[in-house]
Amino acid sequence: MATMKLGSKPEIFVLEDLTWRCTTELESDVVVEVGEMSFYLHKFPLLSRSGVLQRMISEYQPPVDGVGGGMCTLQLDDIPGGAKAFELAAKFCYDVKIELNALNVVCLRCAAEYLRMTDDYAEGNLITQAESFLADVLANWKDSIKALETCEGVLPTAEDLHLVSRCITALASKACASDAAAPLLARNASVAAAAADKDALWNGIRTGDTASSAAASAMDWWYEDVSFLSLPMFKRLIQAMEAKGMRAESIAGAIMFYAVRFLPGLKRNTSFSNALASYGADGGGGGGMSSRNVTPRAASVSAPSEGDQRYFLEEIVALLPTKKGVASTRFLLGMLRTAMLLHASPLCRENLERRIGAQLEDASLDDLLVPNLGYHVETLYDIDCVQRILDYFMSSTDGIGTGYTSPALAEDGGGAGAGSLGVPQGGTPSTALSPITMVAKLMDGYLAEVAPDTNLKLPKFQALAAVVPDYARPVDDGIYRAIDIYLKSHPWLSESEREQLCRLMNCQKLSLEACTHAAQNERLPLRVVVQVLFFEQLRLRTSIAGWFFVSENAAGGDGARPHPGGAIVPKGGAAAAVAASAQAEVDSDAEDDALPEGKETITDVKERVSELEKECKSMKQEIRRLGKPPRRPWGLLTRKCGFGAKVQQAQPAMSGK
């Protein structure tokens, strides 16, 4: 901490209870009262330094009754900094040694202004000395922070003297200069880590980790220091940093640190390390930024009232940068949960929901399970809140040019090569559908978590599940699991309601395991079970027909090419359709060169396809004849037709073994 020593004389002031006495040979002739503290001093040192004291002493009129023994008594209750500041000013008048530092210079500067201790009364007076030292204080980050904190106690005068704005400007300039250098440091760290192969050790030190840690420190070193400022001071500092061009990532990081320190409810929901886990050394969302735990000083701060916390939360939400992704989704969900606990304004909650919806793909299921804290609680979790968040996500990602187009839009405007599911022209399925696919998986998991709630009405469950479009789900196993859990927890649903609920899933997109489970699931409507079996049979027939087509081309050699395994694969689109199923057969045939056995396998496949067609036709006739039988007879029907057993017998025949 920077210091400055003034005066040359030894200490001559003695404190007796609430009274300061000047121990000189001369008897005191003036008493200055500041609050409960009294100072017994002499007129001449005060007159020679302070214009205000000079005027007050000259205008003083002793009381008529003679109380006080004729001693001049002055009242200075409104002096900035109180008795402590006046003590230093009085010692300065007596040329007693005092020490200026970052903790007392602001108060002393305000007191000197109040006492009018200018160079008009003495050269090198207190105002000049304090201003000279302030320049040294504002050149140092730590001293500037301390000076700004002390401005709180003398705010009116400090504002008039522009001390607050000078401290904020100095702090913002230093932080912005460091922030501007952070990306360069991060790039240098990446280059150094790549050169060292990221895992290379030098004398037992991992060079890549050291470089990343240094880059992270260049970004967040000032977060903890500013977290102890009052909200008005913090807001002004953040606004000054924004005006000077600081990156939104850095500003959001400081706000998140500040919010976690101040809101006790937020600490229970998430820690600072979790809240900032999505930030890297470059300030983006791709790495693990080194974080700091809340210090004991922060932990010792008493919890504010609920009203203060509500006001604080609303101000913090309004202060967050609008740029997407600068605040982690985990932190925003924690803020939303806290906003519901504190009954924050609807505008504040809507702001948080929109921010979360814009980056919903980064959310986790645990954070999305927001308890229902409304006055009329119907369900355990706040389904309506998640519904709104999901609607915001879909509205922010729907339409042309956003990267999440529907199949119809892709087919209409994509031209050749752009008609695949949801893939914009020039894009790839993995990049175009990745966020919306992640959200679809997240919502399937959420539906499975809330499905056991018996108070969850069917329309609300359907409405939430229907927001995610069908093309966003590559496989419908997740939504099937959620539907099955809901049916199990709501056994009173009618047959029509069950059928309506099952329309949320696409039976053609169920995996083999899900189809096997659905075929034996007595909770599903009969129509759905028939659809599952039909599409599974159709999938099997397509696979068998494709394999048969490959075998015929191998025999005829028409438009075919040799496969390394010894089989012949056609050049057209049929090859891509059956490549997966044919690969296993080709590999097995490569191990066995017996051609007659292979011909016998082709004959078996032809016979099995014919049998499957007859079985499917027989099943349809049986269903029409029976009408709508109960679920138990359906199990007998499938066993009667021998569908499951014969499909299992067909698999060895397909492999040619």
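**Notes on helix burial and packing**

1. In H16, the buried residues are Gln-309, Phe-312, Leu-313, Glu-315, Ile-316, Val-317 and Leu-319 (buried is under 20% relative accessible area, exposed over 50%, partly exposed in between, with a 1.4 Å probe and protein chains only). The helix itself covers residues 306-319, 14 residues in total, and its first and last C-alpha are 20 Å apart, close to the 20 Å expected at 1.5 Å a residue (the expected span being 1.5 Å times one less than the number of residues).

2. A quick word on the model: it is predicted, so local features need pLDDT of at least 70 and side-chain atom pairs pLDDT 80 or more, while totals for chains, interfaces and linings use all residues. Numbering starts from 1 along each chain as its sequence is written, and side-chain values use heavy atoms, with hydrogens and water left out.

3. For the overall picture, there are 32 helices and 11 strands (DSSP runs numbered from the N terminus: H or I of at least four residues for helices, E of at least two for strands). Of the 657 residues, 47% count as buried. Take the contacts (heavy atoms within 4.5 Å) between residues at least 6 apart in sequence: 70% of them join residues at least 24 apart.

4. H17 (residues 329-341) is mostly covered, with 11 of its 13 residues buried. Among them are Phe-331, Leu-332, Leu-333, Met-335 and Leu-336, but also Arg-337 and Thr-338. H17 reaches 18 Å between its first and last C-alpha, close to the 18 Å expected. Look just past its end too: His-343 takes a positive phi of about 55°.

5. Now the helix pairs. H23 (residues 434-450) packs on H24 at an angle of about 165°, with axes 10 Å apart (axes are lines fitted to C-alpha atoms over the stretch in contact, and angles run from 0 to 180 degrees between N-to-C directions). The two are therefore roughly antiparallel (over 145 degrees; under 35 is roughly parallel, 65 to 115 roughly perpendicular, the rest oblique). Met-443, Tyr-446 and Leu-447 from H23 meet Phe-461, Leu-464 and Ala-465 from H24. By class, that contact has 6 nonpolar, no polar and no charged residues.

6. H24 (residues 458-467) also packs with H26 (residues 495-502), here at about 15° and with axes 10 Å apart, so this pair is roughly parallel. On the H24 side we have Leu-458, Phe-461 and Gln-462, and on the H26 side Glu-497, Gln-500 and Leu-501. Phe-461 turns up in the contact with H23 and in the contact with H26.

7. Two single residues are worth a click. Arg-109, in H4 (residues 105-115), is buried at a relative accessible area of 6%. Beyond its neighbours within four places in sequence, Arg-109 is in contact with Ile-127, Ala-130, Glu-131, Leu-134, Leu-161 and Leu-163. Ala-130 is 21 residues away along the chain, with 5.7 Å between the C-alpha atoms.

8. Leu-148 sits in H6 (residues 141-150) and is buried, with a relative accessible area of 0%. Leaving out neighbours within four places, Leu-148 is in contact with Val-164, Cys-167, Ile-168, Leu-171, Leu-229 and Met-233. Its C-alpha is 10.0 Å from that of Val-226, 78 residues apart in sequence.

Terms used. Nonpolar A, V, L, I, M, F, W, Y, C, P; charged D, E, K, R; others polar.
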